[in-house]
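Here is a short briefing on one protein chain. Look over the sequence and the fold, then read the points below.

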Amino acid sequence: MTKPRTPLSDVLRFRYLGPYEIEELAELWMTLHEQHTSIAPHLEDIVTSVSPDESWRRRRSQYLSWLADPDTLAVLAESSGEPVGYAMVTIRDNPKGSWDRGDRVAVVQTLSVPSEYAGAGVRSGLLEEVRRQVGAMGIREIELTALATSSDDIRFFEQEGFRPFVTTMVCRIGGVGAHD
């Protein structure tokens, strides 16, 4: 089945934001927060969601902290001058372990594209811009997370060349679970 496409009236334009422009991401973040809470209501018994405003307050603080590092990328995608999505990407040192992933790895902390632009090339465009930028920095791997119950997102990321690497499991302390 093909997703309906919302035509974009012009080519995507990418703008890099600094800390003083972070408020431009608030509405797009809140849209993503709403998507997350609607996709994973089953997590409420172990991970308590917060209000959209509180979620943005927390994320905004995190973004400002990340943007103190000059390698962090806040990439806003625009079409006809309107914001249609963004990526927040940090760079982390890669500890040596079982896998050779290079000295540093790019981490897509947030990829937010409203559902009305699903299938319109915004997410692919943002990821391609991120690949271009971090590749120029000598980084050869990008990682990101997706909600386990978001099969559409996982399928999209696999089409973009991402592969599952680790699975993160969560449990509330004192919760019901198996006993040794």
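Phe157 touches Leu111, Leu127, Leu144, Ala146 and Phe162, leaving aside residues up to four places away in sequence. Contact here means heavy atoms within 4.5 Å. This is a predicted model, where local features need pLDDT of at least 70, side-chain atom pairs count only at pLDDT 80 or more, and totals for chains, interfaces and linings use all residues. Residues are numbered from 1 along each chain as its sequence is written, and side-chain values use heavy atoms, with hydrogens and water left out.

**Phe157**
- Phe157 sits in helix H4 (residues 151-159). Helices (H or I, at least four residues) and strands (E, at least two) are DSSP runs, numbered from the N terminus.
- Phe157 counts as buried because its relative accessibility is 9%. Buried means under 20% relative accessible area, exposed over 50%, and partly exposed in between (1.4 Å probe, protein chains only).
- Phe157 and Ser124 lie 33 residues apart in sequence, and their C-alpha atoms are 9.1 Å apart in space.

**Val107**
- Val107 belongs to strand S4 (residues 104-112).
- Its relative accessible area is 11%, so Val107 is buried.
- Val107 touches Met88, Val89, Thr90, Arg92 and Glu143, not counting residues up to four places away in sequence.
- Thr72 is 35 residues from Val107 along the chain, with 9.5 Å between the two C-alpha atoms.

**Helix H3**
- H3 (residues 122-136) has 15 residues. From first C-alpha to last it reaches 21 Å, close to the 21 Å expected at 1.5 Å a residue. That expected span is 1.5 Å times one less than the number of residues.
- Buried residues of H3 include Val122, Arg123, Gly125 and Leu126. Leu127, Glu129, Val130 and Val134 are buried as well.
- The buried residues of H3 pack against strands S1 (13-16), S2 (73-79), S3 (82-93), S4 and S5 (142-144), and against helix H4.
- Gly138 follows H3 and has a positive phi, near 85°.

**Whole chain**
- The protein chain has 4 helices and 5 strands. Along the sequence they follow the pattern β-α-α-β-β-β-α-β-α.
- Of its 180 residues, 34% count as buried.
- Among contacts between residues at least 6 apart in sequence, 66% join residues at least 24 apart.
- The chain exposes about 11,300 Å², and carbon and sulfur atoms supply 53% of that area. Accessible areas come from the Shrake-Rupley method with a 1.4 Å probe; for residues, only the protein chains shown count as cover.
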